[in-house]
Amino acid sequence: MHTVSNASRLVQGLRSIGQWLLHRAGPRVRGPGERDAAQSQALLERLSIATQAAGIYCWELDWKTYAITWDESRLPAAEAAAASRRHFGVELGSDLFKWVHPDDQHAGGKAMAESLARGEDHVSFRYRLVLPNGSIRHVQAFARTYSDAAGKPQRSLGVSWDVTQEVEAAERAARDAKKESELLERLSVVTQAAGLQCWEYDFEHAKLVWLDYGSGTDGAGPRSVQEAGDAMFAMILPEDLQQVTHLSEAALARHEPMMSARYRRRDTDGTLHYIQTYHRFFYDPQGKPLRALGANFDITESYRRQAELEVLSIRFAVATRAAQAGVWEWQERTDELWWNDTMYAIYGYAAESFQPTFATLVAMIHPEDLARAQAAWAGALHDSSQLHVPFRITRPDGNILHLDTLATVVTDPHTSYRRLVGITLDISQRVDAERRERRLQRQLREASHQSGMAEVATGVLHNVGNVLNSLGVAASTVQIRLKASQFDRVERVAAMLDAHRDALGDFVANDPRGKRLPEYLSALGVRLKKDAEDLRQEFDAISGHVQYLCEIVQAQQSFAHVGSAGEAVDVRELVDTALTLKAQELKGVQIERDIAKIPEILTDRFKLLQIIVNFIANACDAMAGNDAGARRIAIRAQLVDDQLEIAVDDSGAGIPAELLPRIWEFGFTTKAHGHGFGLHTSAVAAQQLGGTIAGNSPGPGLGASFRVTIPVRVATDSVRVAVA
């Protein structure tokens with residue numbers, strides 16, 4: 001739309017007047033009129049003055065001679081020249097057609113001929129003038145043609161006026177329209193790429209119009225665009241639509257030029273979208289709203305990412321507060337240092353009155369830790385690696401804190417500026433706790449060593465008690481046999497022989513007592529020999545018990561040397577030794593040996609012997625209540641996958657299933673006279689040998705089985721030398 005100036009309105013008015021006057025002047029061509037010639041001349045002069053003042057030229061074309069007469073001839077030459085200068089900028093003179101653009105020389109004649117051919121007596125056309133200075137002026141012309149009765153044109157009356165401004169304005173408008181179209185096309189591309197939905201609202205008619213650019217309906221017509229926009233508008237959640245309307249009304253009441261809001265839209269498939277909307281309001285001079293331009297932008301993805309970031313931020317804040325972790329960031333380029341609230345609390349400053357700096361942080365580091373902290377900081381920056389350094393600080397109140405700092409170097413990919421982002425933990429309580437823990441561990445080790453000594457001593461006493469018990473039994477047996485020996489009879493025989501020394505031959509040959517003496521001496525010798533053998537066995541047992549006591553004492557003395565390589569041990573001989581040591585308890589017990597062919601092995605002889613003896617002693621105690629002939633022990637020994645396995649099975653009272661897990665506990669026993677040391681000591685010994693120990697029983701009255709498994713090495717000559 002182009003604005004019509006007052007001059008244009010005047011031109012249009014004069015055009016109408018000219019058309020009326022031409023219409024009234026028409027009959028004069030065909031015959032003399034009734035009006036007075038003087039009055040007609042006056043009217044024509046007035047018309048000429050008016051048209052010249054408005055820049056309108058009147059002219060007449062004679063079709064017979066093709067001559068054109070201009071009304072400027074009715075004006076004085078000076079006035080005609082002045083009018084020409086006013087309207088065209090130069091004095092054109094009466095021969096106006098010599099200035100017509102070459103391309104428009106026949107524009108008027110052609111237009112009038114074509115109108116007459118169509119049976120029309122009026123025509124409108126336009127042509128251009130090329131002024132002496134080379135500028136172009138556009139002229140609009142209107143003509144009416146008068147014909148005779150036969151329809152042959154006689155003359156044409158016309159008017160012409162300068163429409164250059166209108167033409168140039170129209171050209172500018174066309175150029176502006178083209179530019180506007182190009183801008184709209186570009187805007188359409190931009191809004192579609194950005195996912196914008198644009199609209200316009202007319203407040204006077206309360207009409208909402210959805211614009212095609214950015215609507216996402218490529219190639220759609222205005223109606224489909226409108227329908228798509230209305231459909232999306234209908235999907236806005238009611239509570240959000242009410243809120244946006246309220247915000248818009250409040251902005252209009254305050255005459256604000258813009259507003260923004262956020263609302264939700266649920267699509268037909270149930271998907272929820274978050275939309276950001278922007279409104280631009282336009283008002284009239286009185287402040288009344290005329291229209292609003294708006295754009296809607298789908299921010300669902302950014303909203304969700306922002307929500308996720310907020311959740312992560314909240315979780316991070318909660319975690320750092322719970323862990324009392326200080327978060328900080330240092331800019332290398334500006335040397336700026338940022339702390340969170342926890343950092344201020346750690347360093348003992350108030351956030352309202354203290355500005356942290358790197359120099360302040362360095363000044364608070366304990367002198368003994370300063371070099372290490374600075375080296376770690378410089379190394380992280382030099383290598384762009386992670387920073388991890390513990391150090392101490394001295395707070396303003398004089399307290400010393402232990403801190404642990406972890407940070408990473410972040411480099412801006414666009415500017416290459418670096419910054420350190422890290423966390424700092426106050427580990428003072430942890431350091432104190434570790435100190436207390438180390439002190440307690442040292443005390444515990446000392447107490448544990450003492451307890452271990454006491455436990456070993458208890459085990460030693462238990463083993464010594466068993467040996468002393470066996471020694472007591474052996475000694476009692478020796479005493480009984482010595483009392484029942486036949487040595488006194490030898491003395492009586494000697495006395496009898498001494499009494500008959502003078503007639504010893506006669507006594508042996510003739511005396512009834514002497515005759516029985518050789519037989520008696522033979523029987524006495526047999527009996528004394530048997531008694532001597534029994535006493536030898538008892539003394540051997542006593543010797544073995546004494547040797548076992550020596551080994552127990554040696555083991556106690558070498559308690560600090562647990563885990564030694566050991567010595568070469570013959571497993572068969574070791575089992576026999578154990579049986580010998582428990583010979584007294586094993587009287588009346590059926591013993592089954594199943595000892596595989598095992599080469600000498602390297603192990604701790606005493607510990608392994610201690611385990612076997614305790615197994616046998618435990619079996620003897622378990623079978624104490626069995627009838628004669630119902631006491632049986634089976635001892636097995638074999639190598640399995642470089643492991644020595646020794647098992648002792650008995651036919652004793654058995655063990656209830658619920659008690660099996662406790663039989664290795666120190667002090668646990670089911671025997672009235674027991675102390676709970678034997679099996680526990682065996683378990684400890686097996687562990688010290690690097691092996692395992694196990695016990696099993698089918699149930700009460702069904703006997704039990706105990707097994708020890710230890711790793712061994714075959715005692716080759718080279719190994720013996722190495723051990724020696």
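Colleague: Leaving aside its neighbours within four places in sequence, with which residues is cysteine 620 in contact?

Modeller: Contact means heavy atoms within 4.5 Å. Cysteine 620 touches Glu585, Leu586 and Ile633 in this way. The model is predicted, with local features needing pLDDT of at least 70, side-chain atom pairs counting only at pLDDT 80 or more, and totals for chains, interfaces and linings using all residues. Residues are numbered from 1 along each chain as its sequence is written, and side-chain values use heavy atoms, with hydrogens and water left out.

Colleague: Is cysteine 620 buried or exposed?

Modeller: Buried means under 20% relative accessible area, exposed over 50%, partly exposed in between (1.4 Å probe, protein chains only). Cysteine 620 is buried, at 11%. This residue is found in helix H18; helices are DSSP runs of H or I with at least four residues, numbered from the N terminus.

Colleague: How is the packing of H18 and H19 described?

Modeller: Two packed helices are described by the angle between their axes and the distance between the axes. Axes are lines fitted to C-alpha atoms over the stretch in contact, and angles run from 0 to 180 degrees between N-to-C directions. Helix H18 (residues 605–622) and helix H19 (residues 678–688) pack at about 150°, with axes 9 Å apart. They are therefore roughly antiparallel, a term for angles over 145 degrees.

Colleague: Which residues of H18 and H19 make the contact?

Modeller: H18 contributes Lys607, Gln610, Ile611, Asn614, Phe615 and Asn618. From H19 come Gly678, Leu679, Thr681, Ser682, Ala685, Ala686 and Gln688.

Terms used
Helix = DSSP H or I, 4+ residues; strand = E, 2+ residues; numbered from the N terminus. Parallel < 35°, antiparallel > 145°, perpendicular 65-115°, else oblique.
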